[in-house]
Amino acid sequence: MAKFEQSVQSFIEKANEILPGVPQKSGTDPRWQSIIAIGQFVETDPEPIWEFVKIWGRHPQDDLRNAIGTVLLEHLLEFHFDLIFPRVVESVNENRLFADTFSYCWKFGQSEIPENVKLFDELQDR
């Protein structure tokens with residue numbers, strides 16, 4: 001019997017069904033879990049994940065922006081800095097809430113390359 005593998009798009013659709021939702025005061029938050037499930041595709045499927053990040057990274061709910069920044073955006077930059085960073089700059093310049101989402105990001109992988117560190121830090125300083 002073949003194992004059924006879900007696509008990134010199916011996880012995005014499931015997340016979109018429950019977002020923005022309400023932050024959980026305790027226990028497992030299904031919103032964060034759905035975002036974490038999308039994160040398993042960061043290395044292989046950056047384009048649909050970027051589109052998801054671009055939408056939800058502008059949402060007024062701080063907890064949701066925190067999840068988007070720490071679970072998805074920082075890892076898109078970890079593996080796809082050259083592809084994603086120019087889009088991040090554009091989104092930060094267009095929307096203060098997206099700028100806040102980016103402020104949650106830490107540097108990993110390609111974000112730690114010296115020339116990328118400079119770009120990353122300059123944008124976070126703004």
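Leaving aside its neighbours within four places in sequence, which residues is glutamine 24 in contact with? Hello everyone, let's start there. Glutamine 24 touches Asp29 and Pro30. You will find glutamine 24 in the loop between α1 and α2, and at 41% relative accessibility it counts as partly exposed. Leucine 72 is 48 residues away from glutamine 24 in sequence, and the two C-alpha atoms are 19 Å apart in space. Before I go on, please keep in mind that this is a predicted model.

Let's move to helix α1. Its buried residues are Val8, Ser10, Phe11, Ile12 and Ala15, and what covers them includes α2 and α3. Take serine 10, which is buried with a relative accessible area of 18%. A polar atom of the serine 10 side chain lies 2.7 Å from the backbone oxygen of serine 7.

Now for helix α3, which spans residues 46-56. Its buried residues are Pro46, Ile49, Trp50, Phe52, Val53 and Trp56. Looking down the axis of α3, we see these buried residues fall within an arc of 160°, so they line one face of the helix. They pack against α1, α2, α4 and α5.

There is also a charged pair within α3. Lysine 54 and glutamate 51 form a salt bridge, with the closest N and O atoms 3.3 Å apart. The two are three residues apart in the helix, which means about one helical turn separates them. As a reminder, an α-helix has 3.6 residues a turn, so residues three or four places apart point the same way. Lysine 54 is partly exposed at 29%, and glutamate 51 is partly exposed too, at 37%.

On to the rings. How many aromatic pairs does a search of the whole structure find? It finds five. One of them joins phenylalanine 11 and phenylalanine 41 in a tilted arrangement, 5.7 Å centre to centre with 45° between the planes. Phenylalanine 11 belongs to α1 and phenylalanine 41 to the loop between α2 and α3, so this pair ties together parts that are 30 residues apart in sequence. Lysine 14 lies over the face of phenylalanine 11, at 5.6 Å from the ring centre.

Another pair, phenylalanine 81 and phenylalanine 85, is stacked: 4.7 Å between centres and 10° between planes. These two are four residues apart in helix α4, about one helical turn. Phenylalanine 81 is buried at 2% and phenylalanine 85 at 7%. Ring pairs also link both of them with Phe102 and Phe120 into a cluster.

Finally, back to charges. The structure holds nine salt bridges. Arginine 65 and aspartate 100 meet in one of them, at 2.9 Å from N to O. That pair links distant parts of the chain, from helix α4 to helix α5, 35 residues apart.

Lysine 107 and aspartate 121 meet in another salt bridge, at 2.7 Å. Lysine 107 sits in the loop between α5 and α6, and aspartate 121 in α6, so the pair ties together parts 14 residues apart in sequence.

Definitions and conventions. Residues are numbered from 1 along each chain as its sequence is written. This is a predicted model: local features need pLDDT of at least 70, side-chain atom pairs count only at pLDDT 80 or more; totals for chains, interfaces and linings use all residues. Side-chain values use heavy atoms; hydrogens and water are left out. Buried means under 20% relative accessible area, exposed over 50%, partly exposed in between (1.4 Å probe, protein chains only). The arc is that of the directions from the helix axis to the C-beta atoms. Contact means heavy atoms within 4.5 Å. Rings of Phe, Tyr and Trp (its six-membered ring) pair if their centres lie within 6.5 Å; planes under 30 degrees apart count as stacked, over 60 as edge-to-face and the rest as tilted. A charge sits over a ring if NZ of Lys or CZ of Arg is within 6 Å of the ring centre and within 35 degrees of the ring normal. A polar contact is a pair of N or O atoms within 3.5 Å; within protein, one must be able to donate a hydrogen and the other to accept it, and residues adjacent in sequence count only if both atoms are side-chain atoms. A salt bridge is a side-chain nitrogen of Lys or Arg within 4 Å of a carboxyl oxygen of Asp or Glu.
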